[in-house]
Amino acid sequence: MPLRPINAMTVDVEDWFQVQAFAGTISRNDWDGLERRVEANTDRILAMFADARVFGTFFTLGWVAERHPALVRRIVAAGHELASHGYWHRLAHEQTPADFAQDVGSARKLLEDIGGVAVAGYRAPTFSINTRNPWAFDVLAEQGYSYSSSVYPVRHDLYGMPDAPRFPYRPRNGSLLEIPMTTVHAAGRNFPCAGGGYFRLLPYQMYRAALRRFNRDGAPGIFYTHPWEIDAGQPRVEAAPRMAKFRHYLNLKRTPARLQRLLRDFAWGRVDQAFAEALKK
Ligand SMILES: [Zn+2]
């Protein structure tokens, strides 16, 4: 029987008003005037991870890092991996290659300056690297990243690249390693198994069974959550589309307890540890 693999635990560090679901309702110009809850929520996650003795990777938005440098330093001091979620949380495929380079390059520099550590990893907002923008992998390598975790090999209305590889690969024969979000393959299609909204929607036991099934062959999986997903007290964006609100607010109250179970039911680590073998090659 293969050893129980270490899965990668990841957090996309962004605030409640920066999510793609509200992009049509809340302008970036208004971000500075909104109540910031990201620092307190990320501190709660750090405490949960400390309790469970779990280390993870924090894909942090440059915009957040600039306003909460002490938080970035606490993430690093606690032994977690600091990684980048870009600066402005703009969809990668809606940017020109030059704008994308500026966004991911400035975020990496800012995070390295504040955190005092090298930043190797990047996650595109809303998994926005797909068949429309394969050049993004080249730009990430040029901007000094060694891996990306931005491809979700599923069919979904907002994101996804259903025919992409399900396991780590080097796109376009380049130097960058892509670590796709975890999926289980059944009945000829891929089902999401990486957390996010599905982790709040489906019963916990279903998620656990799916990840166990994925781990059975010894491959490490990758899970993601957000600080706002454990914050039932966040301001409600009433003007947002109904579907966006359903997805964003679903089961927020239940998430902390679920996350705590998950932290204990599997072995977890940072991306650079869980995927150390693939990163080396
Ligand atoms: Zn995000």
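Author: Start with His85. Its relative accessibility is 1%. Keep in mind that this is a predicted model.

Reader: Why is His85 called buried?
Author: Buried means under 20% relative accessible area. His85 has 1%, so His85 counts as buried.

Reader: And what makes Glu14 buried or exposed?
Author: The cut-off for buried is under 20%. Glu14 has a relative accessible area of 3%, so Glu14 is buried.

Reader: Which residues coordinate the zinc ion?
Author: Glu14 (OE), His85 (NE2) and His89 (NE2) coordinate the zinc ion, at 2.0 to 2.1 Å.

Reader: What makes these atoms donors of the zinc ion?
Author: A donor is an N, O or S atom within 2.8 Å of the metal. The atoms of Glu14, His85 and His89 lie at 2.0 to 2.1 Å, so they count as donors.

Reader: What spacing do the donors follow along the chain?
Author: The spacing is E-x70-H-x3-H. Glu14 and His85 link distant parts of the chain, 71 residues apart. Glu14 sits in the loop between strand 1 (7–13) and helix 1 (38–51). His85 sits in the loop between strand 3 and helix 4.

Reader: Where is Gln95 found?
Author: Gln95 is in the loop between strand 3 (81–84) and helix 4 (97–115).

Reader: How do you know whether Gln95 is buried or exposed?
Author: Compare its value with the cut-off of under 20%. Gln95 has 10% relative accessibility, so Gln95 counts as buried.

Reader: What makes the pair of Gln95 and Arg90 a polar contact?
Author: A polar atom of the Gln95 side chain lies 3.3 Å from the backbone oxygen of Arg90. The limit for a polar contact is 3.5 Å, so the distance falls within it.

Reader: Which residues is Gln95 in contact with, leaving aside its neighbours within four places in sequence?
Author: They are Arg90, Phe100, Asp103 and Trp135.

Reader: Why is Arg172 called partly exposed?
Author: Partly exposed lies between under 20% for buried and over 50% for exposed. Arg172 has a relative accessible area of 46%, so Arg172 is partly exposed.

Reader: And what makes Asn251 partly exposed?
Author: The cut-off for buried is under 20%. Asn251 has 22%, so Asn251 is partly exposed. Asn251 also has a positive phi of about 55°, although it is not a glycine. Its place is the loop between helix 8 and helix 9 (255–265).

Reader: How many cavities of 30 Å³ or more are there?
Author: The count comes to two. The largest cavity has a volume of about 60 Å³. Its lining has five nonpolar, four polar and one charged residues. His89 is one of the residues in that lining. The second largest cavity has a volume of about 30 Å³. Its lining has seven nonpolar, one polar and one charged residues.

Reader: What is the volume of the largest pocket?
Author: It is about 640 Å³. Of the 31 lining residues, the closest to the centre are Leu158, Tyr159, Gly197, Tyr224 and Arg247.

Reader: What makes a residue part of a lining?
Author: A lining residue has an atom within 4 Å of a point of the pocket or cavity. Helix 6 (196–201) and helix 8 (242–249) each supply at least two such residues to the largest pocket.

Note on methods:
Residues numbered from 1 in each chain as written. Predicted model: local features only at pLDDT ≥ 70, side-chain atom pairs only at ≥ 80, totals over all residues. Heavy atoms only, no water. 1 Å grid on protein atoms, 1.4 Å probe; cavity = no way out; pocket = protein on both sides within 12 Å on 5 of 7 lines; lining within 4 Å. Points joined across faces, edges and corners; volume = space filled by probe spheres on them. Helix = DSSP H or I, 4+ residues; strand = E, 2+ residues; numbered from the N terminus. Buried < 20%, exposed > 50% of the residue type's maximum accessible area, 1.4 Å probe, protein only. Polar contact = N/O pair within 3.5 Å; in protein donor to acceptor, adjacent residues only side chain to side chain. Contact = heavy atoms within 4.5 Å. Donors = N, O, S within 2.8 Å, 3.2 Å for Na, K, Ca; no water. Nonpolar A, V, L, I, M, F, W, Y, C, P; charged D, E, K, R; others polar.
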